[in-house]
There are 2 protein chains.
Amino acid sequence: MVWPKKIHISEVGPRDGLQIEKTILSVAQKASIINHLVLAGAEEIEIGSFVNLKAVPQMADTEKVFAAIDKKDNITYRVLVFNLQGIKRAAAAGVKFVQLAHSASISHSIKNLNKTPSQMIQELPVILDYATAHDIVLSGAISTAFGCAIEGKVDIEQVFKIISSFYSLGVLDISLSDTSGMAVPRQVYEYCLKVKERFPAIRLGLHFHNTRGTGLANVIAGMQAGVDRFDSSIAGLGGCPFAPGASGNVATEDLVHMSQEMNIETGFDLPLLISIGKEIQKIVGHDTESFLIKAGMPYAANP
Amino acid sequence: MVWPKKIHISEVGPRDGLQIEKTILSVAQKASIINHLVLAGAEEIEIGSFVNLKAVPQMADTEKVFAAIDKKDNITYRVLVFNLQGIKRAAAAGVKFVQLAHSASISHSIKNLNKTPSQMIQELPVILDYATAHDIVLSGAISTAFGCAIEGKVDIEQVFKIISSFYSLGVLDISLSDTSGMAVPRQVYEYCLKVKERFPAIRLGLHFHNTRGTGLANVIAGMQAGVDRFDSSIAGLGGCPFAPGASGNVATEDLVHMSQEMNIETGFDLPLLISIGKEIQKIVGHDTESFLIKAGMPYAANP
């Protein structure tokens, strides 16, 4: 097996995690969580999204959150969007890093984005022009890249089609998301190898939900394919809209723990992450799917 | 990455899972669970243990459970023991498959078994003679093979020492247990390769607890080292005495799901396993750490 010396973790808790929480956090609470996560070592953090306010009320104040955070140098504060309208809000708010999400599954794309993958692709040049004109760095995320709760396994050709459109426009930072937690390690390994073979200049990232317990196993498979960029969510916040009550994103502290125990650098302070996670559990008012918060550090020598 | 065509799963829920449950199940309930697990595909199942009755009251009736189950041909009904007294109970009960557990960590061995690893090893020839004389097939389990909640990381030399004593006496079925859920994939891969290199005839098995979320990732690492024998526990029953509230053994249904989705045969009927797991949750009176029970099958095409 092969192991990276260091992995790059994008913290997505403030967006993918909080968006399904019923308790609406204040701007100050969100900004405080983001500031603390940066103190704990986050170098890239998805602070919110510019999407339909009615569909995702938790994200309605992303402009205010972005204005409120203590912005540090060399930290990537990223926002998720689905369309031109989203990137216009990013530009107006002064956000410089935007992730544009497409969905590989036709059913999921229509249900979530109200457009087919092909329709989404047609709009990409206009969105990229707008981003470039406004000095915004665009990255791409492909939802349901491995499986779809409606359609089942997603064929890699559907993924290639979307990557190809990003890639041909020069968008090289692309992540594959296992939106409904259906990916397994063998598939992750094969998809990553094929994507890297076909798109050699790609900077590939992976975004796993731990819905069926395979989250960290999928990370290991990604590492074997040479991937060193992973999304995760503080405290394991988040969930799967297709499986109510199921686990959410891979928890940042769980990913950091596993990596550090394998001598892979993450840049994170694990005890601090755990304490931030516990505070967030108090704020959202319930336990979350974090192994390290439940089990604690591996032995008494550690806090 | 390399993948086995088939894996051999030993179901340990009736022993490692139930032993920490406060609700004492009746002999009939335990026998029914075991019978159902065999119907669902279990070919090897740890039905109980012959250990200290006061320390583990749930296991006090293992003789009666063994007598009560519908014994099928070609199914390995296994019992766990720690010493000569345990194997004498096995012989008296007519049990033909016994797993003898040693601990690699000195502190854990003294705390749990009241003897050092070296003292345990000294008794091994007498126990093996007794087993042979009573037509009992002995296998070995090494607890805290990767880490110990008291001592931290366990050096592989401590593991070698125990395997060596089993191996020299002809006990070739040996499993490494991550008793307190501290193993990580890189370590699992390295330990398995080293063990297989030093003891070429070994039939190596792995027993993971999902305490810190790495259970299935560790299974993947074991597969990469050529291991195809894994313990797991229905419904994810079990826990870690050093981390109250933490997850237990890797859940059988989660291991079966991951394997099947990777085209690795397990011989199990996944929907049936899930329904057995749900019944067990009712009997023990609480939710357990099973991803498949919470999330359900991956897409609507499946139940």
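**View 1. Two copies related by a turn.** In this predicted model, chain A can be laid on chain B with an RMSD of 0.0 Å by a turn of 180° and a shift of 0.0 Å along the axis, where copies are superposed by least squares on the C-alpha atoms of residues with pLDDT of at least 70 in both. That is the relation of a two-fold axis, and the C-alpha of chain A nearest this axis belongs to A217(A), 1.9 Å from it. Residues are numbered from 1 along each chain as its sequence is written, while chains are lettered from A and ligands numbered from 1 in the order in which they are written. Because the model is predicted, local features need pLDDT of at least 70 and side-chain atom pairs count only at pLDDT 80 or more, whereas totals for chains, interfaces and linings use all residues.

**View 2. The contact between chain A and chain B.** The contact takes 40 residues from chain A and 40 residues from chain B, two residues being in contact if their C-beta atoms, placed from the backbone, lie within 7 Å. On the side of chain A that touches chain B, helix 9 (215–224) is one of the elements that give two or more residues, and helix 9 of chain A gives the most, with five residues. Helices (H or I, at least four residues) and strands (E, at least two) are DSSP runs, numbered from the N terminus. Of the interface residues of chain A, 100% are also interface residues in chain B, so the copies meet through the same surface.

**View 3. The two sides of helix 7 of chain B.** In helix 7 of chain B, the residues V159(B), I162(B), I163(B), S165(B) and F166(B) are buried, which requires 20 or more other C-beta atoms within 10 Å of a residue's own, while exposed means 12 or fewer and partly exposed lies in between, with C-beta atoms placed from the backbone.

**View 4. Strand 1 of chain B and its partners.** Strand 1 (residues 8–11) and strand 10 (residues 229–232) of chain B pair in the parallel sense over four bridges, pairing being counted if DSSP finds at least two bridges between two strands. Within strand 10 of chain B, D231(B) stands opposite S10(B). Strand 2 (residues 44–50) of chain B runs parallel to strand 1 of chain B and is joined to it by two bridges.
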